[in-house]
Structure formats: structure tokens, C-alpha cells
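Work through the exercises below with the model open. Try each task before reading its solution.

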Amino acid sequence: MPQTPDADRTHRLVPSPAGRTHLVEQGEGPLVLLVHGFPESWYSWRRQLPALAAAGYRAAALDVRGYGRSSKPGAVDAYGLRDLVADNVAVVEALGESSAVIVGHDWGATIAATSALLRPDVFRAVGLLSVPYTPPGGPKPSEVFAAMGGPEEFYVSYFQQPGRAEAEIEPDVRGWLGGFYAALSADTMPEPGAPDPHFVTRGGTLRERFPEGRLPHWLTEAELDVYAAEFERSGVTGALNRYRNMDRDWADLADHHGAPVHQPSLFLGGSRDASTTWLADAIEAYPRTLPGLTASHLLDGCGHWLQQERPDETNRHLIDWLRSLDA
């Protein structure tokens, strides 16, 4: 598939409830808003922007508040899902559009699904990568995560106390990011039976279980430099604050407990991604929770970073789905 050159990308800062939201756009046509996860940035979509532009879409990849060149409010409670939905709506309006298709990966998938749930007037369709949709509700998240680790601690619980994970990550952002990306990539993740990098020993660190000395096939040293530079500039607190709002989101979205997303939807997952395997029940529930699901694909042998591990496949599925929306 022909792709337009990187030079055609446009960086923009637009007003939003966060303050300002940074985004990178490419192409002309129906708007597709791309929302990244942890610990990433707009750059995670670098292989989707030219492909979507060449296919006739206006693709806009943003830095979620707290990341990259977007504003970073100081309060922990400024990173709730309702706040992030408001940012997304503001971006659509700032780009002069009244509606968009929203596509998210990892935390971005949850942000995208919540955007579609709360603002169906703006987000006409939703694509979810790696993290399945689970409706708001159920047990309190902190209690669920606290029960998962047994003698160890689940990474989401580890992230809760402000400053704790920062103390691990920020002294060597580049090394930590490279290890984290490798730990969840199909070609570099620990072998079955090895200690799980999603868990922390009591008093230990996540990095103790990351692969050392090699990057996944999809990430060059120069690309890792780009990611590292963003977090070295901004710190990681804004990114981690998303995890620190999970109980608050649970309360804030109480009036939507169990609510399905009705818009046309897409799901893409990796067969070797814990986000997909742990949430297999959520995928099985899609007839009830995503009644508008029109395409679902599990990429065999793929890990967590599927739009970077398998960009050509991801682009093909995305574009086929987008074209089906207006067929």
C-alpha cells in the first residue's frame, strides 16, 4: 500500500480542558482520532498515520494529557476518564469537525470506549486495540488488583502510590522503557514459566523481570530515543496518574454500570498479549457489551504493541473496517 511521506505530518497544539493537547495529523478525509496507551505517545501511531492518510482519511494521533507535549495538570484527580473524554471532544472541535471515529490502544482503548459511551453524538465508531471493552461497574478496581498478586504485587497496585514507580523509572527512563517494551513484545517477552513481568516482588521493582540488552524487532535505537526524550522532558507522573484514578472512575461512571457501547466497533488483539488472554471473558461478552461489533481479529503470535509489532496487518484491518463504516 503506498504511503505518504513523514514530511506531510503536521504538529498542532489545540485548546482543551487539559490546557493544550498536542497532536500530529496527516491526510484529508473523515477524521480518525488515535489515542495511545502507557507508556507511549502519539509516536506509537507513526506507522498508521501515513497508511490512513493514503487510504483517504484525516488521521490525528494525540498525546494524552500528562504525556509528551500536552498539558500536565498537577492534581492526581485531573486524570479521570471523564476528563480524558472531554479532551478528546475538544480535539475534534478544534479540528473543525463535529464527529470522528476514535481508535485506542492499551489505556487508549479504554479511553476510546469511554468516549464512545459518554459522547455517542461525537464518536460515531470505536476501534479497540489490545484491551477489550469491559463496561463500567463490577467490584472496586483496587480490591480486584490487590487480590491478584498473592505473595507478589500486581503492577497496577504498584503504580498507585505517587512517587513510588517514579523512583524506579525516572533515573533511567530510556533503559526502563526499552525493558518494558521488550517484556510485552512477542519476540522478546519472558519464556512461559519465567517470572511474570506484570508482578513485583515485595520490596522489588518491575525492571527486575524485564529482558536486558535487546530490543524487540519493531523498535530501533533511534525510535527508543524518541520515546525516552518525551518522558525525560515531561517525567512519568502524568502517565502514572491515569492508573491512580481507577477507583475514582469506578465511582464517577456509576450511572453507566454495565452499559454497552452501541456504535460500530472493531477489536484487534494479540494472541500472546496478557491483556487479551486475561480478559477472554470480556471478549466472549461482546454480543452483549459491543452489540455494534463489526470486525474482530486476534493476531496470532503477536504481543501487546500490535500496531507496532504488526503494522501492516493492523493497518489493513483498520482500513478495511473504516471503509465498511461508510459502505
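**Exercise 1. A surface patch**

Task: Which residues form a nonpolar patch on the surface with Val144, and how much accessible area do they have together?

Solution. Val144, Met148 and Trp278 form the patch, with about 260 Å² of accessible area together. Areas come from the Shrake-Rupley method with a 1.4 Å probe, and for residues only the protein chains shown count as cover. Patch members have over 30% relative accessible area and no salt bridge; nonpolar side chains (Val, Leu, Ile, Met, Phe, Trp, Tyr) are joined within 5 Å, like charges within 9 Å. A salt bridge is a side-chain nitrogen of Lys or Arg within 4 Å of a carboxyl oxygen of Asp or Glu.

Helices (H or I, at least four residues) are DSSP runs, numbered from the N terminus. Val144 counts as partly exposed because its relative accessibility is 36%. The cut-offs are under 20% for buried, over 50% for exposed, and partly exposed in between (1.4 Å probe, protein chains only).

Two notes on the source: this is a predicted model, where local features need pLDDT of at least 70, side-chain atom pairs count only at pLDDT 80 or more, and totals for chains, interfaces and linings use all residues. Residues are numbered from 1 along each chain as its sequence is written, and side-chain values use heavy atoms, leaving out hydrogens and water.

**Exercise 2. Thr276**

Task: Is Thr276 buried or exposed, and what does its side chain meet?

Solution. Start with location: Thr276 sits in helix H11 (residues 274-278). Thr276 is buried, because its relative accessible area is 5%. Now the side chain: one of its polar atoms lies 3.5 Å from the backbone oxygen of Ser130. Finally, list contacts (heavy atoms within 4.5 Å). Beyond four places in sequence, Thr276 touches Ser130, Phe267, Gly269, Gly270, Ile283 and Leu298.

**Exercise 3. His317**

Task: Where is His317, and which residues does it contact?

Solution. His317 belongs to helix H15 (residues 311-325). A relative accessible area of 13% is why His317 counts as buried. Outside four places in sequence, His317 contacts Leu268, His297 and Leu299. Thr188 is 129 residues from His317 in sequence and 25 Å away in space, C-alpha to C-alpha.

Terms used. Helices (H or I, at least four residues) and strands (E, at least two) are DSSP runs, numbered from the N terminus. A polar contact is a pair of N or O atoms within 3.5 Å; within protein, one must be able to donate a hydrogen and the other to accept it, and residues adjacent in sequence count only if both atoms are side-chain atoms.
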